[in-house]
Amino acid sequence: MEDRPDKPDAAVVRDALGVGVAVGLSGFAFGVTSAGSGLSLLQTCVLSLLVFTGASQFALVGALAAGGNPYTAAAGAFFLGVRNAFYGLRLSQLLALPRAVRPFAAHWVIDETTAVTLPQPTRRAARIGFTVTGLTLYVLWNLTTLVGALGAEALGDTDAWGLDAASPAVFLALLAPMLRSTVERVTAALAVLLALTLLPVLPAGVPVLLSALAAPAVLFLTGRTKRGPADRGDGGPDGDGDGGNDEDVAERQKGERRT
């Protein structure tokens with residue numbers, strides 16, 4: 001990370017604010033959806049304050065709105081939020097925060113803060129990006145959740161607005177520019193295919209977790225394709241094309257010298 005050129009603090013703050021504001025405003029959609037699914041104003045706001053991971057929150061209220069069991073809905077939301085733990089493994093190395101701060105920072109380890117933090121060239125830039133994104137998003141998400149829950153009645157039929165698709169759409173817009181190589185695009189396409197295929201038969205949240213299997217599958221297939229004849233040993237037991245191992249070569253060389 002330190003080998004890449006430095007990045008001005010102002011540029012990091014600008015990028016972080018852009019993501020924080022854009023995604024934070026979609027908390028309004030969650031507030032409306034949550035209220036429309038039957039949760040009270042207090043329940044809706046507590047979810048945003050304590051859970052603070054949009055995909056899991058939408059999964060929970062979506063399952064409840066569909067008449068699902070509350071425990072099943074909570075389990076699906078939990079499994080969907082497990083991905084943040086894997087983000088934390090990587091971010092903990094990049095940020096290297098003091099131990100006293102880590103429990104509070106862990107609450108902000110989500111898709112958007114990870115997306116802003118990982119590309120930063122230095123630890124200082126990573127810390128600024130993480131902090132500004134997390135703070136902006138947390139404040140705006142909770143404020144717009146409150147506004148959305150209060151205004152749900154004025155909107156009438158919330159299902160007709162399709163607001164539950166706002167958060168996933170924003171995240172896809174952030175992710176798309178990062179898919180530069182063919183391998184990354186194929187991995188993303190396979191992950192989407194897995195999620196859509198498994199969605200009708202598995203509890204909410206589980207298809208998203210299983211779609212992560214697309215990454216090792218594509219890497220495995222790519223590795224097999226790139227392996228050449230030398231890697232497979234087609235030229236001989238040692239793969240060097242001479243039809244023998246090192247000891248055989250040495251014996252032939254000795255015989256040639258004696259001749």
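Phe-30 and Phe-58 are both buried. Buried here means under 20% relative accessible area, exposed means over 50%, and partly exposed falls in between, using a 1.4 Å probe on protein chains only.

A word on the source. This is a predicted model, where local features need pLDDT of at least 70 and side-chain atom pairs count only at pLDDT 80 or more, while totals for chains, interfaces and linings use all residues. Numbering runs from 1 along each chain as its sequence is written, and side-chain values use heavy atoms, with hydrogens and water left out.

Back to the rings. How many aromatic pairs does the structure hold? Five. To pair, rings of Phe, Tyr and Trp (its six-membered ring) need centres within 6.5 Å; planes under 30 degrees apart are stacked, over 60 edge-to-face, and the rest tilted.

Phe-30 and Phe-58 form one of these pairs, and the pair is edge-to-face. Centre to centre is 5.7 Å, with 85° between the planes. Phe-30 sits in helix H2, residues 27-36, and Phe-58 in helix H4, residues 54-65, so this pair ties together parts 28 residues apart in sequence. Helices (H or I, at least four residues) and strands (E, at least two) are DSSP runs, numbered from the N terminus. Trp-141 joins in too: ring pairs link Phe-30, Phe-58 and Trp-141 into a cluster.

Next pair: Phe-52 and Tyr-138, edge-to-face. Here the centres are 4.8 Å apart and the planes make 80°. Why does this pair tie together parts that are 86 residues apart in sequence? Because Phe-52 lies in the loop between helix H3 (41-51) and H4, while Tyr-138 lies in helix H9, residues 123-155.

Stay on Phe-52. At 3% relative accessibility, Phe-52 counts as buried. Phe-52 also has a positive phi of about 50°, although it is not a glycine.

Ala-96 also has a positive phi, about 50°, and is not a glycine. Ala-96 is in the loop between H6 and helix H7 (102-106). Is Ala-96 buried or partly exposed? Partly exposed, with a relative accessible area of 35%.

H6 covers residues 83-95, and helix H5 covers residues 70-81. Their axes come within 4 Å and cross at roughly 20°. Axes are lines fitted to C-alpha atoms, for helices over the stretch in contact, with angles from 0 to 180 degrees between N-to-C directions. H5 and H6 are therefore roughly parallel to each other. The cut-offs: under 35 degrees is roughly parallel, over 145 roughly antiparallel, 65 to 115 roughly perpendicular, and the rest oblique.

Who meets whom? On the H5 side, Phe-79, Leu-80 and Gly-81; on the H6 side, Arg-83, Asn-84 and Ala-85. Contact means heavy atoms within 4.5 Å. The residues of this contact divide into three nonpolar, two polar and one charged. For the classes, Ala, Val, Leu, Ile, Met, Phe, Trp, Tyr, Cys and Pro count as nonpolar, Asp, Glu, Lys and Arg as charged, and the others, Gly among them, as polar.

On to charges. A search of the whole structure finds four salt bridges. The rule is a side-chain nitrogen of Lys or Arg within 4 Å of a carboxyl oxygen of Asp or Glu.

Take Arg-124 and Asp-9: their side chains meet in a salt bridge, 2.5 Å from N to O. Arg-124 is in helix H9 and Asp-9 in helix H1, residues 9-24, so the pair ties together parts 115 residues apart in sequence. Arg-124 is exposed, at a relative accessible area of 54%. Asp-9 is partly exposed, at 29% relative accessibility.

Now Asp-15. Asp-15 bridges to Lys-7, with the closest N and O atoms 2.8 Å apart. Arg-14 also forms a salt bridge with Asp-15, closest N and O atoms 3.5 Å apart. Through shared partners, salt bridges join Lys-7, Arg-14 and Asp-15 into one network.

Last, the whole chain. The secondary structure comes to 15 helices and zero strands. Of the 259 residues in the protein chain, 34% are buried. Among contacts between residues at least 6 apart in sequence, 71% join residues at least 24 apart.
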